[in-house]
Structure formats: structure tokens, C-alpha cells
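Here is a protein structure to explore together.

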Amino acid sequence: MLSAAERQNNSMLCVGLDPEPTKFPDRIKGDSNKIYDFCAAIVDATADLVNSFKPQIAYFAAHRAEGQLERLMEHMRRVAPQVPIILDAKRGDIGSTAEQYAIEAFERYGADAVTLSPFMGWDSVAPYLKYHGKGAFLLCRTSNPGGDDLQNQRLASVDGQPLLYEHVARLAQGPWNLNGQLGLVVGATYPKEIERVRELAPTVPLLIPGVGAQGGDAAATVKAGLRERDGATTGPIIVNSSRAILYASNGDDFAAAARRVALQTRELLQASRA
Ligand SMILES: O=c1ccn([C@@H]2O[C@H](COP(=O)(O)O)[C@@H](O)[C@H]2O)c(=O)[nH]1
């Protein structure tokens with residue numbers, strides 16, 4: 001689905017849906033009942049420019065807007081059935097609870113993929129993989145500065161004493177990826193680490209947030225994430241930008257402005273391909 005959307009829209013861009021009512025256009029500013037309307041307008045304006053959408057569940061749950069998220073998922077399916085939807089939920093819990101989270105992501109919301117924190121281990125990831133045809137992106141080297149605190153620690157107990165994020169990358173490329181359903185989250189703010197993850201996990205899709213508001217370098221991201229290896233290009237990359245696109249204007253032209261920034265970002269990413 002990802003490859004088809006990437007080909008059809010000529011895009012590696014994922015538009016992140018992080019609706020924050022205090023940042024809404026002046027006419028609807030602060031109105032959490034307008035979350036669906038705001039996001040649907042962004043989806044309509046960018047659906048032909050993206051390889052995926054990424055709603056972040058916290059922005060809906062914080063405003064008791066899960067019902068609006070359900071409607072938005074249906075809307076995305078209707079207007080852009082070819083575009084995969086990654087539910088950014090960063091779940092991670094024991095198996096029995098993970099089963100419930102998997103129902104939430106794949107049955108309640110109908111997402112195509114979900115983000116997970118892998119730090120509770122294999123049994124916390126396995127329940128999602130029972131949903132064949134669905135994907136899970138494991139947090140690996142996240143875009144925030146605090147990612148260093150754990151992800152850059154060495155694992156003395158593992159062969160070669162890899163950094164924790166390197167170990168996650170190896171697990172996702174190898175023993176945990178039973179049916180090719182796994183991807184990794186790597187921050188655009190750390191291109192060297194993207195490069196390292198690509199060495200360790202050449203074929204899995206990388207979800208790369210951090211361009212736009214967080215200042216990650218789009219060109220460096222593409223160069224690090226899309227590489228030639230043994231004559232073939234490595235797995236796909238999904239470069240997310242949320243706030244820079246959503247809040248490109250606070251006027252009535254917000255959707256047109258979002259489209260302009262999405263277009264520029266898509267072009268920059270495409271132009272950075274080797
Ligand atoms: O390492 C990570 C993992 C997830 N995110 C999420 O991506 C978007 C980024 O939003 P911007 O407005 O483009 O900064 C947001 O939903 C984060 O929760 C991340 O930033 N870094």
C-alpha cells in the first residue's frame with residue numbers, strides 16, 4: 001500500500017495530523033468541536049501529495065475527540081483509499097493489554113499501521129502482528145534530545161555491545177519481523193543515526209519525523225534513509241511533518257497554505273533522491 005501511494009503521488013511525505021485547537025485558524029480557534037473539520041480540510045488539501053497520513057492519537061484523546069478521530073479515519077478512507085494511515089499511538093504493554101490496543105488501532109480506528117514502544121519486549125509487540133496486512137513501527141532512535149538517555153546506551157549483555165537503538169534496529173530487521181510487518185521510527189534530527197539504522201535494517205520502512213517544526217534537514221534525511229545496497233535501493237522512507245504544514249496560516253486560507261508547504265516539502269524530498 002505504501003509503495004503504491006508513493007508511486008501514485010510521487011511522494012515520500014507523510015502529513016501528520018496533530019490538531020491543537022489553540023493553534024486553529026482565527027475563525028475556529030480554541031474550538032475542540034472543530035477538530036474533525038480542521039483535519040478533514042487538511043486531508044482534502046494534501047491527499048494527492050502524500051504517501052501516508054499520521055494522526056497522533058493524543059491530540060484527539062486530550063479533547064475527548066475520539067469520535068472525531070473515528071469520523072476522520074472514515075473520511076481519509078473515502079477521499080484517499082490508496083493512502084496508508086499510521087496511527088501514532090506509541091503503545092507498549094504486556095501481551096493481554098497489547099491485544100486491546102491492537103483492537104483499538106486496527107478494528108476501532110481501522111489504521112493500516114501503528115507506532116509502538118518496543119521497550120517491554122517481544123510479547124508486547126507480537127499481538128499487533130497477528131493482524132496480517134497491518135504494520136507496526138517500533139521507536140528506535142527518536143527525534144527528541146532525550147532519546148539519547150536510553151537509546152544511546154550500550155547493551156553490555158548483547159554480542160558486540162550495541163547501542164540500544166542499534167539492537168532495536170537489528171530485531172526489527174531480523175528475528176522479530178516474522179511476516180515483514182515491522183518498520184522503525186528514526187528522527188530526522190539525527191541523520192547519522194538514520195544512516196546507521198539503514199546499515200542494520202536495510203529493507204524495513206523508516207518513519208522519520210522531525211522535519212519542519214523540529215528543524216530536521218530534509219535533504220540529509222533522504223540521503224541517509226534511502227541508500228543503494230548491493231545494487232538495490234533500501235526500504236522506503238516516510239518523512240513526517242505536522243505543525244509546519246497544519247499551521248502554515250491562521251487565516252481562512254489555512255488549507256491552501258498547508259497544501260503549499262506540503263508541496264514544497266514533497267518537492268524538496270524528491271529533489272534530494274540520489
Ligand atoms: O521520534 C519521534 C516520534 C514521533 N514523533 C511525532 O511526530 C510528530 C512530529 O510533529 P512536528 O510538528 O512535525 O514536529 C508528532 O506527532 C510527534 O509526536 C516525533 O516528533 N518524534
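Q: Why are α2 and α4 called roughly parallel to each other?
A: The axes of α2 and helix α4 (residues 66-79) cross at roughly 20° and come within 9 Å. Angles under 35 degrees count as roughly parallel, over 145 as roughly antiparallel, 65 to 115 as roughly perpendicular and the rest as oblique. So α2 and α4 are roughly parallel. Axes here are lines fitted to C-alpha atoms, for helices over the stretch in contact, with angles from 0 to 180 degrees between N-to-C directions. Helices are DSSP runs (H or I, at least four residues), and strands are E runs of at least two, numbered from the N terminus.

Q: What kind of model is this, and how are residues numbered?
A: This is a predicted model, in which local features need pLDDT of at least 70, side-chain atom pairs count only at pLDDT 80 or more, and totals for chains, interfaces and linings use all residues. Residues are numbered from 1 along each chain as its sequence is written.

Q: Which residues of α2 and α4 meet?
A: In α2, I35, Y36, C39, A40, V43 and D44 meet Q68, R71, L72, H75, M76 and V79 of α4. Two residues are in contact if their C-beta atoms, placed from the backbone, lie within 7 Å. By class, this contact of α2 with α4 has eight nonpolar, two polar and two charged residues. Ala, Val, Leu, Ile, Met, Phe, Trp, Tyr, Cys and Pro count as nonpolar, Asp, Glu, Lys and Arg as charged, and the others, Gly among them, as polar.

Q: What makes α2 oblique to α12?
A: Helix α2 (residues 35-46) and helix α12 (residues 254-271) have axes that cross at roughly 45° and come within 9 Å. That angle therefore makes α2 oblique to α12. Among the residues in this contact, A41 and I42 are in α2, while A255 and A262 are in α12. The contact of α2 with α12 divides into seven nonpolar, one polar and two charged residues.

Q: How do α8 and α9 pack?
A: Helix α8 (residues 164-173) and helix α9 (residues 191-200) have axes 9 Å apart, at an angle of about 35°.

Q: What surrounds the ligand?
A: The ligand has 17 residues around it, and the closest are T142, S143, P209, S242 and R243. A residue is near a molecule if its C-beta atom, placed from the backbone, lies within 6 Å of it. The shell around the ligand has three nonpolar, 11 polar and three charged residues.
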